[in-house]
Amino acid sequence: MNDTICAIATSSGIGAIAIIRVSGEDSIEIVNKIFKGKDLTKVSSHTINYGHIIDEQENTVDEVLVSIMKSPKTFTTEDIVEINTHGGIAPTNKVLELLLENGCRLAEPGEFTKRAFLNGRIDILEAEAVMDMIDAKTEVQRKMAINQISGKVSNLINDLRDDMVQIISNINVNIDYPEYDDVDILTTEILIPKIKNLKEQIIKIIKESNNGKIIKEGIKTSIIGRPNVGKSSLLNALIEEEKAIVTDIAGTTRDIVEGQIKINGVILNIIDTAGIRETDDKIEALGVEKSLKIMEEADLILFMLNNNEELTKDIEMLLDKLNNKKYIIIINKNDLETKLDKKLLKKYEKQIVNLSVLKHQGIDKLKEKIIELFNINELETKDPTYLSNSRSISILKRCLKSIEEVEKGLKEKRPIDMLELDIKNIWEELGLINGTSYEEELLDEMFSRFCLGK
């Protein structure tokens, strides 16, 4: 943290400009050594200065604009210099080389953002949102990332922790200073509704955070069904590309084929799987096994049936497994003679969409059904203030279990001073979400996923 770091902040390749970022106590001094123009140590903060980068023989390397930003009003809270060079690979690398020769160290991935966190400029949620903003592929993802960067999501956690601090403080005063008459005595009867309120808030954040995960990661969608029901044709129709091989030979798809589409700003990661049937072919059997596994892991199952084929017992058994999943039953080949007994599907009728993939009929209805199932229209229009990463959501779920244990303790009339320890542990766990408390290994692992120069 005491050294000065540098990195190319723009993507590699040829472009109009490239930016080399420098941060640290000696950043202005180091850049000044290789800059011909104004004395950068004497210019005002947050100014842009024209000049040239020169090498050790005072040969001109490039014509540049240099931005000077002095501590503490910078991203890292350290002195930051950004050198805007022409965007060729050779001049950019040469400027970086000169910085390294004059006392800078090459920054690790995410080190600028890591310094911003360690110096108190941002919290962990805001740091994670920086990378989410860079990775954003849709407008909804952008909105969610900017809300997290601005601190709206952090406020959800801070409000929870503030409520818990009041409870913890009140219990401590009751224990340590029982003679104080002006402090409410926290009895079990008073504590139960307070804990219930905390529990409801956590449940609400977890529920809404599932929307955040959908926005960030997309909907993992698997197309499931027997061979030759039209799974590969459906994938091709949805992504509008001939990606999966389509033939009338059963068992053509033996491994998964993937594609992506956007529906109202939400990404569907679609997986076409091997047709499910009993087979002696070892390779096809492995494909079937993989299909069943993907079905278990999917957020959405598009279960395809053939209108021209009777319902088999093995498919009926698979349909019964859909109850705990989000699914749509697609009856394909509606242009052919009906052999499927639709009375057997009566309990699924609200989730049925009729298609003829071959004639491109019903694709729009299928998309409308997906929008309805995941409330995608609401996600698109609503201000998305959600937790969006698995790390935060898993911590919240742990906290929910702990809150339920406290509730149980209150009902069993356990001493409040014992429960206070449990409440304090939950408060500390919540601090892991926004980085009020953290482990060094977590930071190293998290920031290593960032790109260089960020």
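In which sense do strand S9 and strand S10 pair, and over how many bridges? The points below take up this question and then turn to the rest of the chain.

1. Strand S9 (residues 257–263) and strand S10 (residues 266–272) pair in the antiparallel sense, over seven bridges. Strands here are DSSP runs of E with at least two residues, helices are runs of H or I with at least four residues, and both are numbered from the N terminus. Two strands count as paired if DSSP finds at least two bridges between them. Within this pair, Lys262 stands opposite Ile267 in S10. S9 and S10 form a hairpin with two residues between them, and Asn264 in the turn has a positive phi of about 50°.

2. On the basis of the note: this is a predicted model, in which local features need pLDDT of at least 70 and side-chain atom pairs count only at pLDDT 80 or more, while totals for chains, interfaces and linings use all residues. Residues are numbered from 1 along each chain as its sequence is written, and side-chain values use heavy atoms, with hydrogens and water left out.

3. On confidence: pLDDT is the predictor's confidence in each residue, from 0 to 100. The mean pLDDT of the protein chain is 82, and 87% of its residues reach 70 or more. A contact means heavy atoms within 4.5 Å.

4. On the chain as a whole: the protein chain has 15 helices and 13 strands. Of its 454 residues, 46% count as buried. Buried means under 20% relative accessible area, exposed means over 50%, and partly exposed lies in between (1.4 Å probe, protein chains only). Among contacts with a separation of 6 or more, 66% join residues 24 or more positions apart. The chain exposes about 23400 Å², of which carbon and sulfur atoms supply 50%; accessible areas come from the Shrake-Rupley method with a 1.4 Å probe, and for residues only the protein chains shown count as cover.

5. On the open sheet: seven strands form it in the order S3-S4-S5-S6-S2-S1-S7, with mixed pairing. The edge strands are S3 and strand S7 (105–106), each of which pairs on one side only. Inside the sheet, S4 and S5 pair in the antiparallel sense over eight bridges, and Ile54 stands opposite Thr60 in S5.

6. On the loop between S3 and S4: Lys42 is found in this loop and, at 69% relative accessibility, counts as exposed. Lys42 and Ile28 are 14 residues apart in sequence and 9.7 Å apart in space, C-alpha to C-alpha. His46 lies in the loop between strand S3 (35–37) and strand S4 (47–54). His46 counts as partly exposed, at 48% relative accessibility, and has a positive phi of about 60° although it is not a glycine.

7. On further backbone points: most residues other than glycine have a negative phi, and most peptide bonds are trans. His360 has a positive phi near 55°; His360 lies in the loop between strand S13 (352–354) and helix H11 (363–373) and is exposed, with a relative accessible area of 57%. The peptide bond from Ser71 to Pro72 is cis, with omega near 5°. Pro72 is placed in the loop between strand S5 (60–69) and strand S6 (80–87).

8. On helix H14 (residues 416–434): the helix has 19 residues and reaches 28 Å from its first C-alpha to its last, close to the 27 Å expected at 1.5 Å a residue. The expected span is 1.5 Å times one less than the number of residues. The buried residues of H14 are Ile416, Leu419, Glu420, Ile423, Ile426, Leu430, Gly431, Ile433 and Asn434. Seen down the axis of H14, these residues fall within an arc of 150°, so they line one face of the helix; the arc is that of the directions from the helix axis to the C-beta atoms. H14 is followed by Gly435, whose phi is positive, near 90°.

9. On Ser392: this residue lies in helix H13 (residues 390–411) and counts as buried, at 0% relative accessibility. Leaving aside residues up to four places away in sequence, Ser392 touches Leu125, Glu128, Leu387 and Ile433.
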